[in-house]
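Subject: A structure for you, with notes on its side-chain contacts

Hi there,

Here is the structure I promised to pass on.

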Amino acid sequence: MQSREVPYFSQWESPGMTLPLLAEGPSALHRDPLWRNSGAETVEDYARWAVNVCGMACLKMILAARGEIHPTLELARACTTYGGYVVNEADGSIKGLIYEPFVRFVRERFGLSAETVTNVDMAMVPGLLSRWRYFIASVHPGIRWPERLPPSKGGHLVLVTAASPAEIRFHNPSGHDRQSQADVTLPLASFDRFFARRGIAVGFQS
């Protein structure tokens, strides 16, 4: 399994916020001492967005691998201008990440090659990673506890950095500890229990 060094970033500015968030809801993020690093103007804005930016955390990791560091919410705001997120100003809800606008966003803003991929069988993932540098995969957020059976598939994005016919390696923006955050390695069958068989393949244009 080919290994590439990819910096890890959580979707929360303090990576240890996952368990408080799960226990208390997004209001727990008001206690994140590093919230300003996100690019948010207020801690309320940070808490509202942070629960929706797993895809932006994946993009932040990809860009960091080529030496660029961008605040997560700055990426989210820019992606929103492309339609990658839809903000309901009436109730404050945020819909996204929407794949096709994201693909246009990363192509135009960062010169990345990207493509929405659907109906992905797990056996196809190693080949996908041989053609593309990364795969942003839709999984159930419960993948942080891979021994548990998830109630459904999808709803969260992780950054797959390597895969072999036996196992897969990924960074999880909402992992709750080091073991579930960076360079998580799982058998393909374990990953498949959480995998919605869709995502976004991303590469660097030559």
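Let me start with a charged pair: Arg66 and Glu68 form a salt bridge, with their closest N and O atoms 2.7 Å apart. Please keep in mind that this is a predicted model. Both partners are partly exposed, Arg66 with a relative accessible area of 32% and Glu68 with 26%.

That pair belongs to a set of 5 salt bridges in the structure. Another one joins Asp45 to Arg48, at 3.6 Å from N to O. These two residues sit 3 residues apart in helix α2 (residues 43–50), so about one helical turn separates them. Asp45 is buried, at 18% relative accessible area, while Arg48 counts as partly exposed at 29%.

The salt bridge between Arg197 and Asp121 also has an N to O distance of 3.6 Å. Here Arg197 belongs to strand β8 (residues 195–204) and Asp121 to the loop between β3 (112–118) and α6 (125–131), so the contact ties together parts that are 76 residues apart in sequence. Through shared partners, salt bridges join Asp121, Asp192 and Arg197 into one network. As for accessibility, Arg197 is partly exposed at 31%, and Asp121 is partly exposed at 34%.

Now to the aromatic rings, where the count comes to 6 pairs. In one of them, the ring centres of Tyr82 and Phe105 are 5.4 Å apart and the planes stand at 55 degrees, so this pair is tilted. It links distant parts of the chain, as Tyr82 is in the loop between α4 (72–81) and β1 (86–87) and Phe105 is in helix α5 (residues 99–110), 23 residues apart. Phe105 also pairs with Phe110: their centres are 5.6 Å apart and their planes at 80 degrees, so this pair is edge-to-face. Phe105 is buried, with a relative accessible area of 0%, and Phe110 is buried too, with 14%. Elsewhere, Phe135, Phe170, Phe191 and Phe195 form one aromatic cluster.

Two charged side chains are placed over rings. Lys60 lies over the face of Phe9, at 4.5 Å from the ring centre. Arg148 lies over the face of Trp145, where the distance to the ring centre is 4.1 Å.

How many disulfides does the structure hold? The count is 0. For Cys54, the nearest cysteine sulfur is that of Cys58, 6.5 Å away, and Cys54 is in no disulfide.

Finally, a word on annotation. An unreviewed UniProt entry carries "domain: Peptidase C39-like" for residues 5–167. In the model, the end C-alpha atoms of that span lie 17 Å apart, and the span is 34% helix and 16% strand.

Best wishes

Notes:
Residues numbered from 1 in each chain as written. Predicted model: local features only at pLDDT ≥ 70, side-chain atom pairs only at ≥ 80, totals over all residues. Heavy atoms only, no water. Disulfide = S-S within 2.5 Å. UniProt positions renumbered as here; feature names shortened; annotations may be inferred. Helix = DSSP H or I, 4+ residues; strand = E, 2+ residues; numbered from the N terminus. Salt bridge = Lys/Arg side-chain N within 4 Å of Asp/Glu carboxyl O. Buried < 20%, exposed > 50% of the residue type's maximum accessible area, 1.4 Å probe, protein only. Phe/Tyr/Trp six-rings, centres within 6.5 Å; stacked < 30°, edge-to-face > 60°. Lys NZ or Arg CZ within 6 Å of the ring centre and 35° of its normal.
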